[in-house]
Structures are given as C-alpha cells and as structure tokens.
Amino acid sequence: MLSASRLHGDDTTVPVLAKGKTDTGRLWTYVRDDRPFGGVDPPAAVFYYSRDRRGEHPAAHLAGWSGILQADAFGGYGDLYATGRQPAPILEASCWAHSRRKVFELADIEAAARKKAHGEKPNLVYPLAVEGVKRIDALFDIEREINGLSPAQRHAVRQERSLPLVAELETWMIETRDKLSRGHDLTKAFNYMLRRWSSFTRFLDDGRICLSNNAAERALRGIALGRKSWLFCGSDRGGQRAAVLYSLIVSAKMNDIDPQSWLADVLARLPAYPAHRIDDLLPWNWRSAQLRTQSAAA
C-alpha cells in the first residue's frame with residue numbers, strides 16, 4: 001500500500017464496549033486504487049483501529065510515506081501537510097463529492113417536497129444552490145468520460161475543458177458569496193471550498209488525482225452496514241482484529257474475489273506454505289494463480 005504515490009483516506013465511527021455503555025472508537029482506511037488513471041498496481045485497502053480521532057493516528061499510519069492524499073478536510077490530517085514534515089510533506093487533494101454534498105443539501109427540491117408531504121418543516125431550497133450543483137456536475141461529467149485513461153490524457157482533457165469551468169466556478173462563488181450574509185448556509189458551503197481552493201484544484205495539474213474520495217467511502221460502506229449486525233467491538237483488541245479482517249475482506253472484494261473462498265483456501269494452505277513465497281497468497285496473486293489453473297484444466 002505504501003508504495004503508492006497516491007492514496008485515499010477516510011475514517012468512520014465504531015462502537016466499543018465499555019463498562020455499562022459503549023464508547024466511540026474509529027476505524028481508519030487507506031485505499032490504493034489506480035484504476036481511474038489506468039494504473040497497473042492492484043487495488044487494496046488497509047484499515048486501522050483507534051479509540052479516538054486524534055491526529056496522531058493518521059500521522060503514525062503514514063509516518064514513512066509521502067505522496068498525494070485524497071481526503072476530506074479533517075483537521076487531524078494537518079500535520080501531514082506541514083511544510084517541514086519528514087520524509088516530505090503530503091499533498092492534499094480535496095474531495096469534490098464532499099463539497100458538492102454541502103451545496104446539494106441546499107438544492108434538494110425532492111427532499112424538501114418529501115418533508116412537506118409528511119407534515120414536516122421542509123428545508124429551504126435556494127436557486128443559487130441549484131446553479132452551484134449544476135456547475136460542479138459539469139466537472140463530474142468530464143471525469144466520467146476520461147475514467148481509465150492515462151494520467152497524461154486525463155491532464156490534457158482537464159486543461160482544455162475543466163480548467164475554464166473551474167475558473168468560472170471560483171469567480172461565480174466569490175461574487176455570489178459576497179452578496180449573501182456571512183451566516184448564510186450557502187456562504188458556509190462556498191467558503192468550505194474557497195478556503196481550500198489549492199487542494200480542490202490540484203486535480204487540474206495531475207492526471208492521477210480523482211475528483212472525489214469515493215474509493216475510501218466505498219471501502220467503509222461495509223462497516224456502516226455491519227454496525228447494525230454486530231453492534232459493537234467487544235474491546236480495543238476486538239477493534240484491532242476488525243481492522244485486520246476488513247483489510248483482508250475489502251481488498252479481496254476490490255479485486256473481484258469472493259473473500260470466503262479466498263480465505264478458506266489461504267488458511268488451509270498457510271501452515272505448510274513457504275514463508276518466502278507468502279506474497280503468492282495476496283488476493284491479486286492468488287487470483288492470477290487460480291486463472292492459470294482454470295486455463296490449464298480447460
């Protein structure tokens with residue numbers, strides 16, 4: 001994972017059993033997925049557990065790594081981006097999907113109509129927010145067209161088509177924000193982006209960067225669903241074991257491998273397997289071996 005030049009990062013809550021209650025722990029994930037720019041390295045995800053959300057945790061997870069980190073604006077990542085960081089500063093690439101969500105909530109006509117139909121107070125819908133969503137969506141339309149192309153090809157298209165749209169969006173947000181009150185919800189949504197504009201626009205100069213951090217959010221989806229089934233981790237050690245298991249299962253699924261079949265085979269072979277060939281059992285290598293076996297049998 002840490003050989004990658006670009007990673008996605010995110011975290012989510014996990015209940016941890018405590019005396020007479022549950023505390024709120026965290027599961028962190030870092031995802032390598034180079035498929036959007038035609039990378040050859042296999043996708044994978046690694047998870048870590050902690051009892052809290054202090055910035056020291058991502059600092060420890062990525063202590064020896066430098067590159068591009070795609071993440072939300074969590075303040076705990078701040079030390080990773082510091083100029084004097086060793087071995088080198090990590091470059092921040094902000095998530096447009098996350099920022100779009102903040103604007104979309106103020107433009108969601110359907111949600112407001114549903115609340116009104118149920119006799120609830122509907123959220124305010126702002127035409128300016130609708131305009132903002134349309135401008136951001138135009139960038140995502142371009143990204144869908146260039147998904148899977150090489151970094152150089154993606155960079156060329158972005159310079160020709162996305163750069164003018166981004167420049168127009170920045171001007172429009174500044175002019176619109178200056179007409180609104182400081183406490184307006186739309187002002188807050190625009191400031192979230194404008195204060196981090198250099199990290200939001202980094203994708204224009206690097207074809208490897210994705211417009212969103214959806215790869216990490218997808219990796220965490222199973223945890224959100226699992227919380228309803230297993231309810232909590234029994235202890236900190238349970239949380240650490242959960243992180244290991246999620247690393248294995250999510251990485252297998254990212255490589256289109258059935259986790260149960262893979263783990264059953266690996267655990268059966270592991271006790272007698274040569275230690276110097278342990279990499280053969282990683283999901284992507286295991287899959288290649290399975291395909292070769294199937295071809296030979298055919």
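Start your tour just after helix α9, where Asp 256 takes a positive phi of about 60 degrees. Keep in mind that this is a predicted model. Asp 256 is not a glycine, yet its phi is positive. Select the loop between α9 and α10 (259–269) to see where this residue sits. Is Asp 256 buried or exposed? Its relative accessible area is 61%, so Asp 256 counts as exposed.

**Back along α9**

Now select residues 236–254, the 19 residues of α9. From first C-alpha to last, the helix reaches 27 Å, close to the 27 Å expected at 1.5 Å a residue. Color its buried residues, among them Gly 238, Gly 239, Ala 242, Ala 243, Tyr 246 and Met 254. At the start of α9, zoom in on Ser 235: one of its side-chain oxygens comes to within 3.4 Å of the backbone nitrogen of Arg 237.

Next, step to the loop between α8 (214–230) and α9, the place of Leu 231. Leu 231 is another stop with a positive phi, about 70 degrees, although it is not a glycine. With a relative accessibility of 51%, Leu 231 counts as exposed.

**Into the largest nonpolar core**

Which members of the largest nonpolar core touch the most other members? Select Trp 96, Met 173, Met 193 and Trp 197; the core has 30 residues in total. Helices α2 (96–104), α4 (127–146), α5 (151–177), α6 (185–194) and α7 (197–200) each supply at least two residues of this core. The largest share, 6 residues, comes from α6.

Stay with α6 for a moment. Of its 10 residues, 8 are buried, so α6 is largely enclosed by the rest of the structure. Show Leu 186, Thr 187, Ala 189, Phe 190, Asn 191, Tyr 192, Met 193 and Leu 194 to see the buried ones. They pack against α2, α4, α5 and α7.

Center the view on Met 193. Leaving aside residues up to four places away in sequence, Met 193 touches Trp 96, Ser 99, Ile 136, Met 173 and Phe 200.

**Last stop: a cis peptide bond**

Finish in the loop between β4 (68–71) and β5 (91–94), where you will find Pro 87. Select Gln 86 along with Pro 87: a cis peptide bond joins the two, with omega about 5 degrees.

Note on methods
Residues numbered from 1 in each chain as written. Predicted model: local features only at pLDDT ≥ 70, side-chain atom pairs only at ≥ 80, totals over all residues. Heavy atoms only, no water. Helix = DSSP H or I, 4+ residues; strand = E, 2+ residues; numbered from the N terminus. Expected span 1.5 Å × (residues − 1). Buried < 20%, exposed > 50% of the residue type's maximum accessible area, 1.4 Å probe, protein only. Polar contact = N/O pair within 3.5 Å; in protein donor to acceptor, adjacent residues only side chain to side chain. Core = buried A, V, L, I, M, F, W, Y, C linked by side-chain atoms within 4.5 Å. Contact = heavy atoms within 4.5 Å.
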